[in-house]
There are 2 protein chains.
Amino acid sequence: MKKLINAPENVVREALEGIRAAHGTRVRVSLEPFYVVRGDAPRPGKVGIVSGGGSGHEPMHAGYVGRGMLDAACPGQIFTSPTPDQIFEASKAVSAGAGVLHVVKNYTGDVMNFVLAADMLRDEGIEAESVLVDDDVAVENSLYTAGRRGVGLTVLMEKLLGAAAEELVSLGDLKKLGESIRSSGRSMGIALTPCTAPQSGRPSFELADDEMELGIGIHGEPGRRRAPLATADEITAMLMEPVLRDLPFRSGDEVLLFVNGMGGTPLLELYIVYRKAAEIASQHGTKVVRSLVGPYITSLEMAGCSITLLKMNQELCRLWDAPVDTPSLRWGA
Amino acid sequence: MKKLINAPENVVREALEGIRAAHGTRVRVSLEPFYVVRGDAPRPGKVGIVSGGGSGHEPMHAGYVGRGMLDAACPGQIFTSPTPDQIFEASKAVSAGAGVLHVVKNYTGDVMNFVLAADMLRDEGIEAESVLVDDDVAVENSLYTAGRRGVGLTVLMEKLLGAAAEELVSLGDLKKLGESIRSSGRSMGIALTPCTAPQSGRPSFELADDEMELGIGIHGEPGRRRAPLATADEITAMLMEPVLRDLPFRSGDEVLLFVNGMGGTPLLELYIVYRKAAEIASQHGTKVVRSLVGPYITSLEMAGCSITLLKMNQELCRLWDAPVDTPSLRWGA
């Protein structure tokens with residue numbers, strides 16, 4: 001295991017100290033328990049958008065805390081759900097009377113702990129709702145999941161809900177918006193290499209030099225099937241076909257196309273995948289109206305990529321274009 | 001070699017097609033010869049800021065084309081200088097009467113070809129000047145260099161000159177600004193793993209499981225020395241010490257601290273490095289007034305990082321904060 005770390009047990013804490021050192025004017029970092037909130041939280045009248053999950057997927061979620069996206073992020077240990085206590089404290093820190101909305105990736109531990117935290121919040125008189133993200137079409141159940149896993153759509157969900165929350169949309173309407181996004185987005189990923197969690201020190205799985213894992217999860221958990229290594233164009237087709245068919249996306253649909261890097265794959269290669277994905281989307285009759293290319297939800301240093309398609313409309317395009325000011329996603333005024 | 005590519009010889013062209021597909025509303029992509037220019041080029045009265053170099057360092061340079069940064073980027077083949085013809089055509093495409101400024105990383109092939117292109121431009125009556133970047137303190141000469149190599153400072157140079165050019169600063173004054181930035185920034189890098197150029201298919205060097213290469217270049221060329229793998233804190237100190245001593249940075253200096261990922265190292269680890277680098281900078285008496293953390297000048301999938309320090313002043317802070325709107329660096333209005 002070759003990593004820029006000190007001790008495996010200190011990785012998350014020290015990374016949070018680094019986030020505090022680099023972005024302390026923009027976010028506040030708590031180390032006891034771990035959470036990151038926007039520097040100007042709580043915002044009066046605004047629903048707090050809170051997410052979290054195991055670390056190892058950076059920049060998700062702490063990199064997305066700031067104006068126009070998340071109010072708070074709760075990082076667990078590597079590939080480990082955050083505790084109810086963390087989620088409760090982070091939610092309280094950003095609660096300003098309008099309630100909090102939890103964005104929860106569909107993993108058993110995450111779901112359970114967010115439910116417990118929401119109960120604790122309600123006991124304190126804070127309204128708490130949640131939106132589940134379960135966009136991965138690769139497998140119906142998995143090592144860590146009842147139902148589909150939450151992957152790339154999470155990034156888009158957080159951006160879109162964050163933009164709407166900035167406009168002081170109510171908790172109920174944000175939940176409805178989140179459900180509509182949930183039902184409009186699909187993803188699938190592939191790994192060329194495994195990743196190694198610092199605490200285990202061993203690769204999450206073994207792949208031969210001529211093999212890839214199709215439908216991989218973001219924790220190195222098994223995918224849909226192992227397949228012989230193929231070209232970028234062939235791999236892109238293997239990802240796009242199930243994604244397009246699942247929703248299904250139809251001719252005439254306007255879509256956001258998101259090609260995500262799993263951590264160890266160069267941006268150069270992601271653009272090669274994007275090129276083919278855009279071509280396939282176009283052949284299918286969909287119109288790509290927005291795009292995102294880069295490592296936004298990763299699996300440590302895993303080589304590979306995922307593709308997410310989200311059906312867009314005028315309102316979602318407006319929310320997507322709205323200003324965002326976080327450590328890892330920034331644009332607009 | 002496990003890569004998301006089709007054929008090694010098509011990597012750069014297909015990646016540029018991907019950039020066109022993803023960002024075609026923001027930049028224009030030429031495939032014959034290869035270059036990327038901002039969508040609204042040429043800008044009347046504005047000096048054209050042009051850079052380029054071998055591919056394999058993405059997002060540099062094509063990812064930095066847009067308002068407030070580069071007017072044009074000329075990507076060569078992987079780790080191969082762009083041709084004079086490419087540079088000439090790209091410069092012409094963004095020339096609007098105020099001249100062009102070439103930002104050139106100090107590699108022998110790059111320097112030569114930018115000089116030839118500048119001569120061709122002058123023959124056509126276009127004023128062309130250049131600023132060299134040679135910030136790498138690791139080695140005085142190298143496989144591809146007379147003098148020091150240009151590395152992380154290039155990203156900062158392009159951002160700062162781009163912001164100044166947006167304010168219609170003259171070619172002469174931009175060159176002076178560039179020289180002052182050149183003399184105020186220093187970098188050093190480290191690799192935990194080599195990278196593999198698609199056309200060779202073999203790792204650029206071999207490292208044992210318990211070794212690292214200190215002072216690595218961005219093409220996998222040898223560094224200062226091979227050393228036993230150390231902790232993140234130890235490695236950070238090994239990079240910061242020569243960087244601080246070289247300029248030298250002095251107590252009281254305000255600095256921008258840039259921790260760059262070489263491509264295969266997770267953001268999580270870069271923040272662990274940033275944390276220690278900020279601590280060392282502070283112990284040295286410098287004040288970190290701006291920061292950048294992420295994979296901004298990479299070496300394909302190499303694991304490792306580099307650290308760049310740039311001495312700042314009020315004017316450089318203002319230029320750093322100025323709006324930028326490129327595929328890979330965006331903020332502000």
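Student: How many residues of chain B are in contact with chain A, and what makes a contact?
Tutor: 53 residues of chain B contact 53 residues of chain A. Contact means heavy atoms within 4.5 Å. This is a predicted model, where local features need pLDDT of at least 70 and side-chain atom pairs pLDDT 80 or more, while totals for chains, interfaces and linings use all residues. Residues are numbered from 1 along each chain as written, chains are lettered from A in the order written, and side-chain values use heavy atoms, without hydrogens or water.

Student: What area is buried between chain B and chain A?
Tutor: About 4500 Å², with carbon and sulfur atoms giving 65%. Buried area is the accessible area (1.4 Å probe) that two parts lose on being put together, summed over both. In chain B, the most area is lost by B:Lys2, B:Leu4 and B:Leu268, together 20% of what that side buries.

Student: Why is the pair B:Glu17 and A:Arg275 called a salt bridge?
Tutor: The definition asks for a side-chain nitrogen of Lys or Arg within 4 Å of a carboxyl oxygen of Asp or Glu. Here N to O is 2.7 Å, so the label holds.

Student: How do the residues on the chain B side divide?
Tutor: The side of chain B that touches chain A has 30 nonpolar, 11 polar and 12 charged residues. Ala, Val, Leu, Ile, Met, Phe, Trp, Tyr, Cys and Pro count as nonpolar; Asp, Glu, Lys and Arg as charged; the others, Gly among them, as polar.

Student: Why is A:Leu121 called buried?
Tutor: Buried means under 20% relative accessible area, with a 1.4 Å probe and protein chains only. A:Leu121 has 0%, so it counts as buried. A:Leu121 sits in helix α3 (residues 108-123) of chain A; a helix is a DSSP run of H or I, at least four residues, numbered from the N terminus. Beyond its neighbours within four places in sequence, its contacts include A:Phe88, A:Val100 and A:Ile126.

Student: Which residues of helix α8 (residues 314-321) of chain A are buried, and what makes them one face?
Tutor: A:Leu316, A:Cys317, A:Leu319 and A:Trp320 are buried. Down the axis of α8(A) they fall within an arc of 165°, so they line one face. The arc is taken from the directions from helix axis to C-beta atoms. An α-helix has 3.6 residues a turn, so residues three or four places apart point the same way. Among the elements covering the buried residues of α8(A) are α4 (153-166) and α5 (171-182) of chain A.

Conventions: Helices (H or I, at least four residues) and strands (E, at least two) are DSSP runs, numbered from the N terminus. Buried means under 20% relative accessible area, exposed over 50%, partly exposed in between (1.4 Å probe, protein chains only).
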